[in-house]
Amino acid sequence: ADFAGSGCGRRYEKELETNLYRDSILLFTAPGIDRDIAFAEKHIYEGRPEEAFDILQKYEDKNQSIKQEAYAYYTLSEAYEATGNIDMQVYYLAKTALLDMQMAVREYASLQKLARVMYSRGDLERAYRYLNCSMEDAVACNARLRFLEVTEYYPIIDKAYKTKEAEERAVTRKMLIIVSVLAVLLIALTAYLYYWMKKLTVMRRRLVAQCDPLVLPRLPHQGA
């Protein structure tokens, strides 16, 4: 098999490139948030995500550039992912995605990753919306790598979402049928009761008419 041409090969090559880039940042970048983000990524990669929290959380809500904030939040999301804290991973991925939108960035990883997390948690509607948005932006900016990443998951989420929609439509149809049958039965029952009420009214009138002569009071004879 051609490992280099496969999805795994591409990811491996990308990981090697990322590690080299990170090492160069650590070597040549002055102390500050950019260098700290690279250090935090290194700790996560080496299996020490807790140390990334100590490095990056001091920058939260500080006066950094939007781009630096986005990188810091995304790195924090990866640290929380490494520790298994999915709620906090989602929180920082969402913050990163919002910052990406503020910067009008169309080649991003945060929203598509958030889509995958939503899918794993069973929130198909959000997963589908987020991945659709990621797909459209990847195509619009000709981001080949992001497009390949999206297409890896898109068929799975798309199929699951459409299956869910089909099931919901089937349930809706069943409910409409049940409601329609109940409405017909209610109308039939109302008509049946109305018919018998009229019939009872007629029978009562006839009975009263027949009984009236029998209940008239007899006048006493005025006598001699």
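H2 and H3 are roughly antiparallel to each other, because the angle between them, about 165°, is over 145. This is a predicted model, and the chain holds eight helices and zero strands. Read from the N terminus, the elements go α-α-α-α-α-α-α-α. Of the 224 residues in the chain, 29% are buried. Take contacts between residues at least 6 apart in sequence, and 51% of them join residues at least 24 apart.

**H2 against H3**

- Helix H2 covers residues 33–45 and helix H3 covers residues 49–56, and their axes sit 7 Å apart.
- The crossing of this pair, H2 and H3, is left-handed.
- On the H2 side, the contact uses Asp36, Ile37, Phe39, Ala40, His43 and Ile44. H3 answers with Pro49, Glu51, Ala52, Ile55 and Leu56.
- Sorted by class, the residues of the H2 and H3 contact come out as eight nonpolar, one polar and two charged.

**H2 against H4**

- H2 also packs on H4, with the axes coming within 10 Å and crossing at roughly 15°. That angle is under 35 degrees, so H2 counts as roughly parallel to H4.
- H2 and H4 cross in a left-handed way.
- From H2, the residues involved are Ile33, Asp34, Ile37, Ala40, Glu41 and Ile44. They meet Gln68, Tyr71, Ala72, Thr75, Glu78, Ala79 and Ala82 of H4.

- Thr75 belongs to helix H4, residues 66–83. At a relative accessible area of 1%, Thr75 is buried, since the cut-off for that label is under 20%.
- Leaving out residues up to four places away in sequence, Thr75 touches Ile37, Ala40, Glu41, Ile44 and Leu56.
- Ile44 is 34 residues away from Glu78 in sequence, yet the two C-alpha atoms are 7.6 Å apart.

**H5 against H6**

- Helix H5 (residues 86–102) packs on helix H6 (residues 110–120) at about 150°, and the axes are 8 Å apart. Here too the crossing is left-handed.
- By class, the H5 and H6 contact has 10 nonpolar, three polar and two charged residues.

**H6 and Gln112**

- How enclosed is H6? Eight of its 11 residues are buried, so H6 is largely enclosed by the rest of the structure.
- The buried residues of H6 are Ser110, Leu111, Gln112, Lys113, Leu114, Ala115, Val117 and Met118.
- Gln112, in helix H6, is buried at a relative accessible area of 2%.
- Skipping neighbours within four places in sequence, Gln112 is in contact with Leu131, Ser134, Arg146, Glu149 and Val150. Leu131 and Ser134 are among the buried residues of H7.
- Just after H6, Gly122 takes a positive phi of about 90°.

**H7**

- Helix H7, residues 124–140, is 17 residues long. From first C-alpha to last it reaches 24 Å, close to the 24 Å expected at 1.5 Å a residue.
- Buried in H7 are Leu124, Ala127, Tyr128, Tyr130, Leu131, Asn132, Ser134, Met135, Asp137 and Ala138. As background, an α-helix has 3.6 residues a turn, so residues three or four places apart point the same way.
- Just past the end of H7, Asn142 has a positive phi of about 55°.

Definitions and conventions:
Residues numbered from 1 in each chain as written. Predicted model: local features only at pLDDT ≥ 70, side-chain atom pairs only at ≥ 80, totals over all residues. Heavy atoms only, no water. Axes fitted to C-alpha atoms, helices over the stretch in contact; angles between N-to-C directions. Helix = DSSP H or I, 4+ residues; strand = E, 2+ residues; numbered from the N terminus. Parallel < 35°, antiparallel > 145°, perpendicular 65-115°, else oblique. Left-handed = near helix turned anticlockwise from the far one by under 90°. Contact = heavy atoms within 4.5 Å. Nonpolar A, V, L, I, M, F, W, Y, C, P; charged D, E, K, R; others polar. Expected span 1.5 Å × (residues − 1). Buried < 20%, exposed > 50% of the residue type's maximum accessible area, 1.4 Å probe, protein only.
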